[in-house]
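Visitor: Walk me through this one, please, and back every label with its cut-off.

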Amino acid sequence: GIQHISRKFDLGLVVNQVRRLLDASLWTLLVIGMVWTWSEVVPALTVFNNWTVWETTVDRSTEAVGENGEKTVQTVSVAKSVTVMDVLIAILVFALAVVLLRNIPGLMNVTVLEHMPLDTGLRDAFSLFVRYAIVTVGVIVGFSQLGIGWSKVQWLVAAASVGLGF
């Protein structure tokens, strides 16, 4: 059977992780709410969408139906301007991913995994898997906001999955 090995956790550390996670979540929601609320009222906030930092191309897939009813998928490169607002959103996404990376696995370990009949190695492996998932989602979302698509980031995800294999 599966052996349950009890580990002792520092309650102060868990409380600090929860506090940091809640603080970061509240600040993120506050910033998003303020920008969303005031963007139409204060035109100065929309100026960040007007400043282009760089230009890039993004591959877009379009689906077309041929004369005989067959569906074909075509990939078209489209020019995209990366603005200061895109860079600020990407920084926010990366910062949120770092906060989640530091706090979610420990919190999850105490609240969920500690009460399941799993041995220490399996709990640690699941926690590591969650960390890799947070990094992967953060990298994909952050880089796509910067106009760096999946085709340019997939090598990084492949390297992370090789690391997960070890």
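Guide: Helices here are DSSP runs of H or I with at least four residues, strands are E runs of at least two, and both are numbered from the N terminus. Just after α3, Gly 147 has a positive phi of about 85°. It's a predicted model, so local features need pLDDT of at least 70 and side-chain atom pairs 80 or more, while totals for chains, interfaces and linings use all residues. Residues are numbered from 1 along each chain as its sequence is written, and side-chain values use heavy atoms, with hydrogens and water left out.

Visitor: What elements does the protein chain have, and in which order?

Guide: There are four helices and two strands, running α-β-β-α-α-α from the N terminus.

Visitor: How do you know what span to expect for helix α3?

Guide: The expected span is 1.5 Å times one less than the number of residues. Helix α3 (residues 120-145) has 26 residues, giving an expected 38 Å, and its end-to-end C-alpha reach of 38 Å is close to that.

Visitor: What makes a residue of α3 buried, and which ones are?

Guide: Buried means under 20% relative accessible area, exposed over 50%, partly exposed in between (1.4 Å probe, protein chains only). Among those that qualify in α3 are Ser 127, Val 130 and Ile 134.
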